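Dear colleague,

I am passing on the model we spoke about, together with notes on what was found in it. Please look through the structure first and then read on.

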Amino acid sequence: RSRELSQKVQALQVSIFFLTAVLAAASPLGYEAWIPIVVSIISFFTGILEFEALSSQLRNVNQSLESLRNLHFWWQSLSMVERRMPSNKNELVASTEATADSEIS
């Protein structure tokens, strides 16, 4: 999901950047009629980024992935006896559920 979100955000940002350059070149080249169309497309792409909150979603997903990786490393570092302790199992479940909840918000 992180890769998919990253690609969407990057595609929209690159499109906005490119269209802004087109907008800057339109007037000197004599394409004044295209300026409102390009501005509306830029506004549309910007609206998608803001309405979907793609940057926030990407940040949340990346933070959740990092948290789960750290949790996995912690779990792997425990001995077999430590893994069977209820306190460690509870910590694993609680941390995983907290990470899942934080990704959604």
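A nonpolar core is taken here as a set of buried Ala, Val, Leu, Ile, Met, Phe, Trp, Tyr and Cys residues joined through side-chain atoms within 4.5 Å, where buried stands for under 20% relative accessible area, exposed for over 50% and partly exposed for what lies in between, with a 1.4 Å probe and protein chains only. The model is a predicted one, in which local features need pLDDT of at least 70 and side-chain atom pairs count only at pLDDT 80 or more, while totals for chains, interfaces and linings use all residues. Residues are numbered from 1 along each chain as its sequence is written, and side-chain values use heavy atoms, with hydrogens and water left out.

The largest nonpolar core has eleven residues, namely Leu5, Val9, Leu12, Ile16, Leu19, Val38, Ile42, Leu49, Leu54, Leu58 and Val61. H1, H2 and H3 each supply at least two residues of this core, and its largest share, five residues, comes from H1; the helices are DSSP runs (H or I, at least four residues), numbered from the N terminus. As a general background, nonpolar side chains in soluble globular proteins tend to be buried together. Val9, one of the core residues, is in contact (heavy atoms within 4.5 Å) with Leu49, Leu54, Ser55 and Leu58, leaving aside its neighbours within four places in sequence.

I turn next to the helix pairs. Two packed helices are described by the angle between their axes and the distance between the axes; the axes are lines fitted to C-alpha atoms, for helices over the stretch in contact, and the angles run from 0 to 180 degrees between N-to-C directions.

The axes of helix H1 (residues 2–26) and helix H2 (residues 35–52) come within 10 Å and cross at roughly 160 degrees, so H1 and H2 are roughly antiparallel to each other, a term used for angles over 145 degrees. H1 passes H2 in a left-handed crossing, in which the near helix is turned anticlockwise from the far one by less than a right angle. On the H1 side the contact involves, among others, Val9, Leu12, Ile16, Leu19 and Leu23, and on the H2 side residues including Val38, Ile42, Phe45 and Leu49. By class, this contact of H1 with H2 has 15 nonpolar, four polar and no charged residues, where Ala, Val, Leu, Ile, Met, Phe, Trp, Tyr, Cys and Pro count as nonpolar, Asp, Glu, Lys and Arg as charged, and the others, Gly among them, as polar.

For H1 and H3, the axes come within 9 Å and cross at roughly 150 degrees, and these two helices are therefore also described as roughly antiparallel to each other, with a left-handed crossing. The contact is made by Ser2, Leu5, Ser6, Lys8, Val9 and Leu12 of H1 and by Leu54, Ser55, Gln57, Leu58, Val61, Asn62 and Leu65 of H3, which divide into seven nonpolar, five polar and one charged residues.

The axes of H3 and helix H5 (residues 86–104) come within 9 Å and cross at roughly 170 degrees, so H3 and H5 are roughly antiparallel to each other. Their contact includes Asn60, Ser64, Leu68 and Trp75 of H3 and Lys89, Leu92, Thr99 and Glu103 of H5, and its residues divide into six nonpolar, eight polar and three charged. Ser64, found in helix H3 (residues 54–77), counts as buried at 4% relative accessibility, and, leaving aside its neighbours within four places in sequence, Ser64 is in contact with Thr99, Ser102 and Glu103.

One backbone detail remains. Most residues other than glycine have a negative phi, but phi of Ala53 is near 50 degrees, a positive value in a residue other than glycine. Ala53 is found in the loop between H2 and H3 and counts as partly exposed at 28% relative accessibility.

With best regards

Conventions: Angles under 35 degrees count as roughly parallel, over 145 as roughly antiparallel, 65 to 115 as roughly perpendicular and the rest as oblique.
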